[in-house]
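Subject: Structure for you to look at

Hello,

Here is the structure I said I would pass on. Please open it beside this message and follow the residue numbers as you read.

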Amino acid sequence: MSFPWAKQYEPQQPLMKWLDEKLPLPRLVYNAVGAGYPVPRNLNYFWNFGVLAGAALAIQIITGIVLAMHYAANAGVAFNSVEHIMRDVNAGWFIRYAHMNGASMFFIVVYLHIFRGLYYGSYKAPREMVWLLGVVIFLLMMATAFMGYVLPWGQMSFWGAQVITGFFSAIPVVGEPIRVWLLGGFAPDNAALNRFFSLHYLLPFVIAGVVILHIWALHIPGSNNPTGIEVKDEQDTVPFHPYYTAKDGFGLGIFLLMFVLLTFFSPNLLGHADNYIPANPLSTPAHIVPEWYFWPFYAILRAFTFNFLWIDAKLWGVIAMFASIALLFFLPWLDSSPVKSSTYRPLYKKFFWVLVFDVLLLGVCGKMPAEQPWVVLSQIGAAYYFAHFLIILPIVSRIERPAPMPNSITEAVLAKHADDMSAAATA
Ligand code: HEM
């Protein structure tokens, strides 16, 4: 929906007028992220994370293209080509560390972006499509990150690829042929490395395409906001530029500060030392562990330790892991509460924080070896994860009595302003 009070683009210079007639790109930018896009006036800093995810994607694409100029996707030399980048290429160490840590920063901001959506009910109508496209992006990000981690051809690269592709063989009858077909061999080797490299280069551009659809879908209803109340009139909005370009710019500064701190002062903090050992198919590492952003899903994958209903435990693990993400596609319809924001959902808010704790617990379990107490904790954590979405959320959304809500965004803002003023007066 374009709001009737949105400012209109009026080119001033002759060149811009000419361009506007031939190819109205500046008009598109003006209406998408400029003064022509009205946005709720009460967005908090959690609304920075979409733009930050876009910045992280851009950083990954730029650093990735430079890395690909020096990397050799051949199992015989891949490891050494990465060492060559680190030691011989001018600023190669910086580009590589930026790309490595950029992936972590990307997942940090996207996880915060997703949990923001969960807290403020941004996945609900009329923004279901924004959410669904977001889940597609998330799946593509996971595939891209997994394939990228294989490229340095270190021990964790090789054994990670071996374990994850090994899960295909859990599928009865066709599983093993599928695995061999995907890898181009019986174990990860040159063919697998080459196709992973090709796809790792391709997918970020597919992600960029889906991001355009994501933002397009968002611009139809416009942004949600911390109250979850839809925009009613002009008073409820401010133009995106300069208000949110400034706010996003500040957020971007903080993001870049964190990024350079990680990249320059502790570039291997989030990595695994074993990936500095060349891949060796004859020596299995004591403990195969994926990158931190996969830990919660890895814990769900390993939570099944027993066969059940004639289905192998390993296959259950694979089904559960995929289901834990696929479930998110149904979220807009699992939660039937008409109230979006947790601010006015006292019961949902409690369960939201339990879910946050549960995902963190799953993360710790995914990092730890498959031993007690981590196995039982990952079973409890995985069971709770599914219960949250499939049982708790549908019930809570039916029985919950929401807190009294303001009539409009402006009313909420003015009430908060009055509260702040009286607090200041009594202080
Ligand atoms: C490359 C990754 C992504 C990029 C670049 C991206 C970008 C954006 C941008 C720029 C916005 C508007 C600003 C904001 O609300 O923060 C947005 C909104 C949104 N995104 Fe994403 N996003 C990404 C991934 C995801 C994922 C993985 C999900 C969910 C699974 C998601 C769900 C949403 C939702 C529901 C909104 C609407 C928020 C609202 O209006 O309250 N996004 N996204």
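This is a predicted model: local features need pLDDT of at least 70, side-chain atom pairs count only at pLDDT 80 or more; totals for chains, interfaces and linings use all residues.

Annotated regions

An unreviewed UniProt entry places the domain "Cytochrome b/b6 N-terminal region profile" at residues 15-227. In the model that span is 71% helix and 1% strand, and its end C-alpha atoms lie 43 Å apart.

UniProt, again in an unreviewed entry, gives the feature "binding site" at His99 and His200. His99 belongs to helix H5.

Packing of H5 and H14

Two packed helices are described by the angle between their axes and the distance between the axes. For helix H5 (residues 92-120) and helix H14 (residues 346-367), the angle is about 155° and the axes are 10 Å apart. Angles over 145 degrees count as roughly antiparallel, and H5 and H14 are therefore roughly antiparallel to each other. Their crossing is right-handed.

Which residues of H5 and H14 make the contact? On the H5 side they are Phe115, Leu118 and Tyr119. On the H14 side they are Tyr348, Lys349, Phe352, Trp353, Leu355, Val356 and Val359. Sorted by class, the contact of H5 with H14 has 9 nonpolar residues, 1 charged residue and no polar ones.

Backbone points to check

- Ala91 has a phi near 55°, which is a positive value in a residue other than glycine. Ala91 sits in the loop between helix H4 (78-87) and H5.
- The peptide bond from Ala125 to Pro126 is cis, with omega near 5°. Pro126 is in the loop that runs between H5 and helix H6 (128-150).
- The peptide bond from Gln372 to Pro373 is also cis, with omega near 5°. Pro373 is in the loop between H14 and helix H15 (374-399).

The loop with Ala91 lies between H4 and H5, and the loop with Pro126 lies between H5 and H6.

Regards

How values were computed:
Residues are numbered from 1 along each chain as its sequence is written. Side-chain values use heavy atoms; hydrogens and water are left out. Axes are lines fitted to C-alpha atoms, for helices over the stretch in contact, and angles run from 0 to 180 degrees between N-to-C directions. Helices (H or I, at least four residues) and strands (E, at least two) are DSSP runs, numbered from the N terminus. Angles under 35 degrees count as roughly parallel, over 145 as roughly antiparallel, 65 to 115 as roughly perpendicular and the rest as oblique. A crossing is left-handed if the near helix is turned anticlockwise from the far one by less than a right angle, and right-handed if clockwise. Contact means heavy atoms within 4.5 Å. Ala, Val, Leu, Ile, Met, Phe, Trp, Tyr, Cys and Pro count as nonpolar, Asp, Glu, Lys and Arg as charged, and the others, Gly among them, as polar. UniProt positions are given in the numbering used here, feature names are shortened, and annotations may be inferred rather than shown by experiment.
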